[in-house]
Amino acid sequence: MNDREVFEYALLRVVPRVERGECFNAGVVVYCRARTFVAARTHLDEAKLRALDPAADVTGVRAALHAVEGVCRGGDDAGQAARDDAGRRFRWLIAPRSTVVQPGPVHTGLTADPAAEVERLLDLLVR
């Protein structure tokens, strides 16, 4: 029996100086509709951030990345979007923004374990 389900994911990119367009991956957001699952994991490489912008607000970038993780976890502490269902939270998080933390394009795949997929993608594409 095939217990794999379709999932979607988007990378979170840090763009320290939007006008320059330079970026690097700092996280991943995974959504699996069949499992009502949404989660994000982040990893900020401070050396890369400072290489692209020595004056970057490391604390602010880290807070923005943690906020994405919080929206995925849900609950009252993460704001209004966190109370929405998993699909709406994912769509809200992947909406284009012109801020320092930006979502990349959405990709799809198959997985039997969405939570493990978050870790696998973080290791493969971010760390």
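Helices (H or I, at least four residues) and strands (E, at least two) are DSSP runs, numbered from the N terminus. In the lining of the largest pocket, the largest share, four residues, comes from H2. This is a predicted model, in which local features need pLDDT of at least 70 and side-chain atom pairs count only at pLDDT 80 or more, while totals for chains, interfaces and linings use all residues. Residues are numbered from 1 along each chain as its sequence is written, and side-chain values use heavy atoms, with hydrogens and water left out.

**Largest pocket**

- On a 1 Å grid over the protein atoms alone, a pocket is an open set of points with protein on both sides within 12 Å along at least five of seven lines, whereas a cavity is a set of points where a 1.4 Å probe fits but cannot get out.
- Grid points are joined across faces, edges and corners, and a volume is the space filled by probe spheres set on the points.
- The largest pocket holds about 190 Å³ of space.
- Two or more lining residues come from each of helix H2 (58-73), helix H3 (86-94) and strand E4 (101-111).
- Lining residues have an atom within 4 Å of a point; among them here are Leu12, Ala64, Ala67, Val68, Val71, Trp92 and Arg97.
- The lining divides into nine nonpolar residues, two polar and one charged.
- In this division Ala, Val, Leu, Ile, Met, Phe, Trp, Tyr, Cys and Pro count as nonpolar, Asp, Glu, Lys and Arg as charged, and the others, Gly among them, as polar.

**Aromatic pairs**

- Rings of Phe, Tyr and Trp (its six-membered ring) pair if their centres lie within 6.5 Å; planes under 30 degrees apart count as stacked, over 60 as edge-to-face and the rest as tilted.
- The structure has two aromatic pairs.
- One of them is the stacked pair of Phe7 and Tyr9, with 5.9 Å centre to centre and 25 degrees between the planes.
- Phe7 and Tyr9 are both buried, where buried means under 20% relative accessible area, exposed over 50% and partly exposed in between (1.4 Å probe, protein chains only).
- Tyr31 and Phe90 also form a stacked pair, at 5.3 Å centre to centre and 20 degrees between the planes.
- This pair links distant parts of the chain, with Tyr31 in strand E2 (residues 24-32) and Phe90 in helix H3, 59 residues apart.
- Tyr31 is buried because its relative accessibility is 9%, and Phe90 is buried with a relative accessible area of 0%.

**Cysteines**

- A disulfide is a pair of cysteine sulfur atoms within 2.5 Å, and by this rule the count is zero.
- The closest cysteine sulfur to that of Cys23 is in Cys72, 20 Å away, which is too far for a bond.
- For Cys72, the closest cysteine sulfur is in Cys32, at 13 Å, also too far for a bond.
- Cys23 is partly exposed at 40% relative accessibility, whereas Cys72 is buried at 4%.

- Glu117 lies in helix H4 (residues 114-125) and is buried, with a relative accessible area of 8%.
- Beyond its neighbours within four places in sequence, Glu117 is in contact (heavy atoms within 4.5 Å) with Phe7, Leu110 and Thr111.
- Leu125 is also placed in helix H4, and at 29% relative accessibility Leu125 counts as partly exposed.
- Not counting residues up to four places away in sequence, Leu125 touches Tyr9, Leu11 and Asn25.
- Arg62 belongs to helix H2 and is partly exposed, with a relative accessible area of 30%.
- Arg62 touches Leu44 and Glu46, with residues up to four places away in sequence not counted.
- From C-alpha to C-alpha, Arg62 and Gly74 are 18 Å apart in space and twelve residues apart in sequence.

- Thr36 sits in the loop between E2 and strand E3 (37-42) and is exposed at 61% relative accessibility.
- Phi of Thr36 is near 50 degrees, a positive value in a residue other than glycine.
- Ala39 is in strand E3 and is buried, with a relative accessible area of 18%.
- Leaving aside neighbours within four places in sequence, Ala39 is in contact with Val28, Val29, Val30, Cys72 and Val118.
- The C-alpha atoms of Ala39 and Glu8 are separated by 11 Å, with the two residues 31 apart along the chain.
- Leu125 and Ala39 are 86 residues apart in sequence and 16 Å apart in space, C-alpha to C-alpha.
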